[in-house]
Every structure is written in structure tokens, then in C-alpha cells.
Amino acid sequence: MKMSKMYMPTLREVPSEAEIPSHQLLLRAGMIRKLVSGVYSYLPLGYRAIKKVEKVVREEMDRADAQELLMSAIQPRELWEASGRWANFGPEMWRLRDRNDREFCLGPTHEEYFTDLIKDEIKSYKQLPLNIYQIQTKYRDEKRPRFGLMRCREFIMKDAYSFDVDEEAMKVAYENMWEAYDRVFTRLRLNYKVVQGDTGAMGGKVSHEFMAMSDVGEGLIAYCKDCDFAATDEKSEVVYSIPSKEEELKAVEKVLTPEVKTIDALVEFFGIKKHNFGKALVYKASGKPVVVVVPGDRELNETKLANYLKVPGHELEMADEDMIKDISGANKGFTGPVGLKKEVKVLIDKRVTTIKNLVVGANETDYHLINVNYGRDFVAEVVEDLLLVQEGDSCPKCGKELHMDRGIEVGNIFQLGTKYSDSLGAKFLDENGKEKPFVMGSYGIGVSRSVAAVVEQYHDEKGICWPFIVAPYHVIITVVNSKNDEQKNLGEDIYRTLKKKGIEVMLDDRNERVGVKFNDRDLIGIPVQITVGKRAAEEIVEFSLRKSEEKQEVKVGSLEELIFAAFEEEEFSLD
Ligand code: ATP
Ligand code: MG
């Protein structure tokens, strides 16, 4: 493509709302534009990158014997009522009505719809296994759309669904998709980790997330360097115990603590360790108050709490001051498990039962209780594990130390079981003519998010440094002085020759200052740079790679070989 004809509206300034490199660079490079919060247009260069990711995804899904189809984004309410997710999906679902007042949603995902599609047509075990997928626009009215393509309200997802005769066969399908995902993210040259994930609103018990490692990732993962344990912070089991101490149980006392507002202040005031404090948090779960007590040195894991209470995540929130006062009779900050004013559900993390002589809020403004002991002074529902994992915890698998890192969730695979086939009545006849529900899996890849993840891992201070596999074009030819005929003609010659070989080439034939051209090409990040300048008459040009500082003067005749060598270095090949 000749750049004089191209729609590539680059920006000099970084838009102030763009906080992370991929968001800034994709905007500046004229690859995306925002319409409204979380809704973007993919401009020509950006759309080419998206199509490159789609191509890799398609190739690997097809290789894994999945078949592509395309479903509608519009789904009727009844399908979602059947699975119980019309209510459970909550405010993330975009809902709409037609002229006859019939209700629909714009699909945030498609488990119900795919199950419904096949249920009347796949009747026999002989037609299984089946894996069908689509690459399609998804809609989620996210609470906090941000970071450009990372968290959108409209985005492109590849979603696949597998249907099998039993658990065992479903696990084979799951492994098969896992391998396909490994191939996709390896080909996209992403540095990623596969981690155990929480199954959340999707259902089922087992899920794995593919995390592209990045400091700006919204996902936190805990992993072990000594074994293969890795899990999201939401999912990770916490192996942690309170250091045990020989201590006598003392008598409960009420202590005036008007100025003691934080845990650090409590530690100082009472001369205790942080874990001797029973931190009571008040939540509103589906409208009802719940008090949760965790050791004072640890954070509560809200996903574990929501799972334990069996409420959808969006129906769990911190209680407001009024609710706190209503149940405890005291201001915020003085809640505790002893002497609550109202009868409410009290949950405690198992480890709280092992702490002797606890300090807790007294349910009276400005007071704390000391020497409180579980069993003697209060009882509660004891939950095995409500804690959020943290750096230094013991690995649940091998006992060594856990480390924390950040990642971008680019893919997620789920073993669903029969949640959807049961609720939608999707059954087949097995070898003995017996009716059975399909055992399902579902598998998502964030296509548009993956483009942002690649930019996060491949950029420098000047712009994007695309790997060939995702690059909108492979080569950019910069004609230093477009008014010089020798340079212009040689640029066009090279452009035509390379294009004939199937190489995707941009020719910067614009009447711009050379500085502008150089800045733009670094910004848009095309991997091979060819500069046609002063030595055009001798058929000598400059060859460089975007990712390295090295530049070499070469004969035009050797360009092709150099380009193919660069492809090979990234294990990239043209079709
Ligand atoms: P997240 O935890 O980031 O909100 P999710 O777990 O809700 O994502 P899934 O339902 O697993 O998302 O969707 C499959 C894939 O779609 C995700 O792995 C991610 O790559 C992508 N995706 C999900 N939500 C968004 C979004 N709002 N914008 C862009 N991509 C998204
Ligand atoms: Mg997910």
C-alpha cells in the first residue's frame, strides 16, 4: 500500500485518558479510535493486525478439528432464563427490546445459544465429539471499560464449544483445545503462562486462563518456581497458618480506643502482632448483610466469598455505613463477631479459630474487645479458606514459596460439564439407546485484547515493534526525498518486486519531511525498514529491523534474502 493513499491518522500527542502503552500507541499510530467509552473502531492498520490474529486462531482451531460457523449477536431472553443467567449475569449484560416488547441481549458469550443450536440436530453418540466455534463481536457493559482494546464493552472473541459423550471424552476435548491455545499464543510470540482460573459465572469446576505476562495486566497470578503450580489470585488456595504460641486464654475486656482507627494503629496501641486482630468486614450479599472475619494481616478474597455464599459476583458489595450501624450498633471500624446487635450470618476464615486472645471490634463505637477466643466467646460458620493469596505464601502443591506476577488474560478454557445441557434439555442417545446430557466445554480467546497484549510485550519508547505474525505489513520502504526521481523510482521498483513475492509492503511516498516519515514508521512498528536515499543511483539502500538499532547499507538485489532471513528468525513464513 502506498502511504500517500492510506488512511492512517497518526497523532503527535498522547491522549490523556490513555494510561498504558498499548492504548497510547494504538491510538497514536492511527490504528484505533474511540467512539464512546469501551467502544472502538479498528482503523485500517489496526484492523489488519486484528485479522492477523484471527487468521492464526482460525488455522489452529481448524487444525484441532473445530469447525467455524457464525451465530447472531442477538439472543432472546428465554435462552438465558433457562440457564438462570438472565438474572445472574447482572449489569454486564446489554439488554434490549424489539418493537413487540420481546426481550433480548447482545451476547456476552454463547453457551446457551450453541447448546440450543445443536440440541435438536445432534441425536446420537455417533455424531460426537463435536467442536464448533466462531469469531464474533461480543458485548459486555463492563463496570470499568479502560485501557483501550484491553477492556472494552464491544470486543472480538473467538468462542468454541465442545460436546462429548462423557467426562472423559470432554477432558480429551479440553486437552486438545489447551494444545491449540498453546500453539496460538506461541505463534503470536506472546510470553504467557497457563494458570488455574475460577469458573465464576460460567459454571463447571475446572478452568485455565492463558495470561500474557505484563506489568499493566489486570490479572494477578500466584505461581511457584519449584513446581508447575500457577493460579489466578481469585482461584489460588491459600496455605498459611498463624504462628502458634503457648498462651493462656485470658478474660475478655472492653477497651476504649477512640483514636485507634487502622490496623497499624491497633498493633501499636495494644502491642500485638497484626494477625492477633480479627478483621471483621461487612458485606451485602444479594441485599443481605454478612460479617466476615479474617486474620488482621490478610486480605479477604471476594471471589471465594461469593462462591461460598453462592451469589453472583456482581451481587456482592461492601455494606454501607447504615447497614453496618444497623447490624453492629456501632460506626464503621468497630464491628466484631461478639455481641452483634442483629442476628446475621458470621463467617470466619478457618485460621481465625487458631488465634488466641484476639482483638476485635466491640460493636460499640470507640471500643474494642481484647482476649476474645473462638469457641469460648463466639461461634460462627467456619470456612476452609477465604483469604487472598500473597507473595511468600506456601505453594499448595509443593510447599515452596509462591511468587506473584501480573498478566493479561488472553484466553480462558472451561470444563463445563452438563450445566447447560441439563438446563436446556440437550440430550443424545448413547450406545444403549439411553438418553444422556451432552458433556460440554467452552473455550474463549480475546482476539482484540490479544492485539493489545502483543503491543504491551513488543514496544519501545518510539512505538510499536510488531512481530511479523501480527504486523499490519511486513516491510516499510521510506523514500527519503519523494521529489527525487531516482529515489522515487527505486522505491517503487522495490515495492513492486517485494509485493510480487507475497510480502506485504508499505511505501512511504508522501511529500513529508524525512523526520516525520522516520517517526511514523517507528511508531507504527513495521518490522522491516528499507530506506531509499542518497545512494539510490547505485542501487544501494539501507536495511534495518524495527526491533534493533543496527542499520546496514545493502544492494537492492540482496533485500529479499535479508527479509526472508528475518522471517525465519521469528519462525514466520508466508502462506
Ligand atoms: P476478565 O476477567 O478480563 O473480565 P472474563 O474472564 O470475564 O475476562 P471470558 O468470559 O473468559 O472473560 O472471555 C474470554 C476471553 O475474552 C477472555 O479471556 C479475554 O481475553 C476476552 N475478554 C473478556 N472480556 C473482555 C473485554 N471486556 N474486552 C476485551 N476482551 C475481553
Ligand atoms: Mg475469563
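Mentor: Start with the largest nonpolar core, which has 90 residues. Phe185, Trp466, Ile494, Met506 and Ile530 touch the most other members. The model is predicted: local features need pLDDT of at least 70 and side-chain atom pairs 80 or more, while totals for chains, interfaces and linings use all residues. Residues are numbered from 1 along each chain as its sequence is written, chains are lettered from A and ligands numbered from 1 in written order, and side-chain values use heavy atoms, without hydrogens and water.

Trainee: What makes a set of residues a nonpolar core?

Mentor: The members are buried Ala, Val, Leu, Ile, Met, Phe, Trp, Tyr and Cys residues, joined through side-chain atoms within 4.5 Å. Buried means under 20% relative accessible area, exposed over 50%, partly exposed in between (1.4 Å probe, protein chains only).

Trainee: Why is this core said to lie between domain 1 and domain 3?

Mentor: Domain 1 (47-219 + 404-456) and domain 3 (473-569) both give residues to it, so it lies between them. The bounds come from an automatic or database domain assignment. A second, separate core of 49 residues includes Leu305, Leu316, Ala319 and Leu369.

Trainee: What is Ile530 in contact with, beyond its neighbours within four places in sequence?

Mentor: Contact means heavy atoms within 4.5 Å. Among the partners of Ile530 are Val475, Ile494, Phe543 and Ile563.

Trainee: How do you know that β18 and β19 pair?

Mentor: Pairing needs at least two bridges found by DSSP. β18 and β19 (residues 367-372) have three, and run antiparallel. Strands here are DSSP runs (E, at least two residues), helices likewise (H or I, at least four), numbered from the N terminus. Val360 has Leu369 as its bridge partner in β19.

Trainee: What about β13 and β19?

Mentor: They have four bridges, also antiparallel. Glu253 is partnered by Ile370 of β19.

Trainee: What makes β13 and β18 edge strands?

Mentor: The open sheet has the order β13-β19-β18. β13 (253-256) and β18 (358-361) each pair on one side only.

Trainee: Why is β19 called mostly covered?

Mentor: Five of its six residues are buried.

Trainee: Which hand does the crossover from β27 to β28 have?

Mentor: First, four bridges join β27 (residues 475-479) to β28, in parallel. The chain crosses through helix α12 (residues 485-500), and the crossover is right-handed. That label means a clockwise path from the first strand over the helix to the second, with the strands pointing away from the viewer.
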